[in-house]
Each structure stands twice: as C-alpha cells, then as structure tokens.
Amino acid sequence: MFAYNCTSCHGPGIGNPGNEFKPGTDALRVKYNGDVPALLTERTDLTPDAVAYFVRNGISIMPFFRKTEISDADLAALGAYLNRNSAGR
C-alpha cells in the first residue's frame with residue numbers, strides 16, 4: 001500500500017528538479033524542522049487513527065483520498081505498516 005500510494009510524495013529520494021526531497025517528505029521536513037523524521041517510514045509516533053485521518057482528510061499540500069481510491073481495509077493495513085516502529089507496539 002505504501003509503495004503504491006505514498007512513495008511518490010513521501011518516499012526517499014530526489015524530488016522535482018532542483019529539490020533534494022520528494023514533496024511530502026520536504027513538507028514534513030520543513031514543518032517539523034528535524035524534531036521528527038521527515039520520512040514517514042522512519043516515524044515512531046504515527047498511530048493508525050492519525051494515518052487514517054490524514055489520508056481521508058488531507059492536509060496542506062496533501063490531497064484527501066476517497067474510499068474508492070484507498071479502501072478502508074487498505075487504509076487499516078497502511079496505518080498498521082506506519083505504526084510498526086512505534087514504541088507502544
């Protein structure tokens with residue numbers, strides 16, 4: 001799910017020409033100023049509920065995604081994947 005739906009904006013690597021990061025990674029890098037990792041796959045504070053909220057509602061430059069684009073089951077899997085690094089797991 002993450003590779004298919006999220007890495008184009010939130011994955012590692014070079015972004016648009018002249019940008020060192022992909023757009024979602026860069027936006028989080030600027031927002032958090034290094035206090036938390038910019039790469040979602042390195043975060044330890046993402047809960048499935050938070051992931052679901054941002055995917056369904058969008059934020060800043062991130063669009064929202066409808067259930068026809070990412071099903072509830074796929075969204076639950078994505079939330080579990082991004083929560084795998086959390087200390088409480």
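Biologist: How many salt bridges does the structure hold?
Modeller: This is a predicted model, in which local features need pLDDT of at least 70, side-chain atom pairs count only at pLDDT 80 or more, and totals for chains, interfaces and linings use all residues. Residues are numbered from 1 along each chain as its sequence is written, and side-chain values use heavy atoms, with hydrogens and water left out. A salt bridge is a side-chain nitrogen of Lys or Arg within 4 Å of a carboxyl oxygen of Asp or Glu. By this criterion, the number of salt bridges in the structure is 4.

Biologist: Which residue meets the side chain of Asp26 in a salt bridge?
Modeller: Side chains of opposite charge can pair when their charged atoms come close. The distance is 2.7 Å, N to O, and the partner is Arg29.

Biologist: Is Asp26 buried or exposed?
Modeller: Buried means under 20% relative accessible area, exposed over 50%, and partly exposed in between (1.4 Å probe, protein chains only). At 37%, Arg29 counts as partly exposed. Asp26 has a relative accessible area of 15%, so this residue is buried.

Biologist: Which residue is linked with Lys67 and Asp72 in a network of salt bridges?
Modeller: The side chains of Lys67 and Asp72 meet in a salt bridge of 3.4 Å, N to O. Lys67 is exposed at 55% relative accessibility, whereas Asp72 is partly exposed at 43%. The network that links these two also holds Arg56.

Biologist: How many disulfides does a search of the whole structure find?
Modeller: A disulfide is a pair of cysteine sulfur atoms within 2.5 Å. The sulfur of Cys6 is 8.8 Å from the closest cysteine sulfur, in Cys9, and is therefore too far for a bond. Cys6 is buried at 11%, while Cys9 is partly exposed at 34%. The number of disulfides found is 0.

Biologist: What is the accessible area of the nonpolar patch of Tyr53, Phe54 and Ile59 together?
Modeller: Such patches are made of residues with over 30% relative accessible area and no salt bridge, where nonpolar side chains (Val, Leu, Ile, Met, Phe, Trp, Tyr) are joined within 5 Å, and like charges within 9 Å. Accessible areas come from the Shrake-Rupley method with a 1.4 Å probe; for residues, only the protein chains shown count as cover. Ile59, in the loop between α4 (48-57) and α5 (72-83), is partly exposed at 36%. Together, the three residues on the surface have an accessible area of about 280 Å².

Biologist: How far apart are the end C-alpha atoms of α5?
Modeller: The expected span of a helix is 1.5 Å times one less than its number of residues. The 12 residues of α5 should therefore span 16 Å, and the distance between its end C-alpha atoms agrees, at 16 Å.

Biologist: Within what arc do the buried residues of α5 fall?
Modeller: The buried residues of α5 are Leu75, Leu78, Gly79, Leu82 and Asn83. Seen down the axis of α5, they line one face of the helix, because they fall within an arc of 130°. The arc is that of the directions from the helix axis to the C-beta atoms, and its value here is 130°.

Biologist: What distance separates the C-alpha atoms of Glu69 and Leu28?
Modeller: Glu69 lies in the loop between α4 and α5 and is partly exposed, with a relative accessible area of 43%. Glu69 and Leu28 are 41 residues apart along the chain, and their C-alpha atoms are separated by 23 Å.

Biologist: What is the phi of Asn33, which is not a glycine?
Modeller: Most residues other than glycine have a negative phi. Asn33, in the loop between α3 and α4, is exposed at 66%. Its phi is positive, at about 45°.

Biologist: What is the phi of Ser60, which is not a glycine either?
Modeller: Ser60 is placed in the loop between α4 and α5. At 74% relative accessibility, Ser60 is exposed. Its phi is positive, at about 50°.

How values were computed. Helix = DSSP H or I, 4+ residues; strand = E, 2+ residues; numbered from the N terminus.
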